[in-house]
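Subject: Structure for you to look at

Hello,

Please find the structure below, followed by notes on what turned up in it. Keep the view open while you read.

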Amino acid sequence: MSGVSASTLVIFIATVLVAAGVAGTLVTTVGDISNSAETQGDRITESIDANFELLNDGGGENFYKEDDLNDGDNAAEITVFVRNTGSNALIKEPGEIDVLVNGLFVDDGDLEIESTDDDAHDRAWAEGEVIEIVVGLDDPLTGSGNRLTVATKGTERSLEFNADV
């Protein structure tokens, strides 16, 4: 080692330090990517477990109704039936289920959610259970091409309907 100059030794030590820094950065980056992939996988799993289907086809006289009485309640209502087809129970409360009509969020106070079964006091929306969601609208809708979207736990379903009654 006596034949090695001091500058070569300094360059060698600097190279080892740079390599250690790069290795540390790679280990941290790989750890972050792994955590991100795991989180995304959990979200996808939750979304798959939270599957549901809209049973209405967007037609019929009971789907969209306008209130001709003008009694201070909603100007119109949309009634949709939804079945939990996922592998987990969900929560059937307005704060857990989001509803949009023509892209506008419907406030929780304008939603009525009831089970078609006789378990009105149970919060759980069991596998295979059908719930009825009544959406109150302040203003009546017009024309065709209206869109209702129901979403919960990262899963959403939509249907288009005609509001001409």
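Ile33 counts as exposed because its relative accessibility is 55%. Here, buried means under 20% relative accessible area, exposed means over 50%, and partly exposed is in between (1.4 Å probe, protein chains only). This is a predicted model, in which local features need pLDDT of at least 70 and side-chain atom pairs count only at pLDDT 80 or more, while totals for chains, interfaces and linings use all residues. Residues are numbered from 1 along each chain as its sequence is written, and side-chain values use heavy atoms, with hydrogens and water left out.

Ile33 lies in helix H1, residues 6-49. Helices (H or I, at least four residues) and strands (E, at least two) are DSSP runs numbered from the N terminus. Between the C-alpha atoms of Ile33 and Leu90 there are 30 Å, and the two residues are 57 apart along the chain.

Salt bridges

A salt bridge is a side-chain nitrogen of Lys or Arg within 4 Å of a carboxyl oxygen of Asp or Glu. The count by this rule is 4 salt bridges. One of them joins Glu53 and Arg83, with 3.8 Å between the closest N and O atoms. Glu53 is in strand E1 (residues 52-54) and Arg83 in strand E3 (residues 76-84), so the pair ties together parts 30 residues apart in sequence. Glu53 is partly exposed at 35% relative accessibility, and Arg83 is partly exposed at 30%.

Another salt bridge is formed by Lys92 and Glu129, whose closest N and O atoms are 2.7 Å apart. Lys92 sits in the loop between strand E4 (90-91) and strand E5 (98-101), and Glu129 in the loop between strand E8 (124-125) and strand E9 (130-137), so this pair ties together parts 37 residues apart in sequence. Are Lys92 and Glu129 buried or exposed? Both Lys92 and Glu129 are buried.

Glu160 and Arg147 also form a salt bridge, with the closest N and O atoms 3.1 Å apart. Because Glu160 lies in strand E11 (residues 155-161) and Arg147 in strand E10 (residues 146-152), the pair ties together parts 13 residues apart in sequence. Arg147 is partly exposed, at 38% relative accessibility.

Contacts of Ser115

Glu129 has a further partner: its side chain and that of Ser115 are joined by a polar contact of 2.5 Å. A polar contact is a pair of N or O atoms within 3.5 Å; within protein, one must be able to donate a hydrogen and the other to accept it, and residues adjacent in sequence count only if both atoms are side-chain atoms. A polar atom of the Ser115 side chain also lies 3.0 Å from the backbone nitrogen of Asp117. Ser115 belongs to strand E7 and is buried, with a relative accessible area of 14%.

Two positive phi values

Most residues other than glycine have a negative phi. Asn102, which is not a glycine, has a positive phi of about 55 degrees. Asn102 is in the loop between E5 and E6 and is partly exposed at 35% relative accessibility. Lys153 is likewise not a glycine, and its phi is positive, near 50 degrees. Lys153 is found in the loop between E10 and E11, and at 39% relative accessibility Lys153 is partly exposed.

Regards
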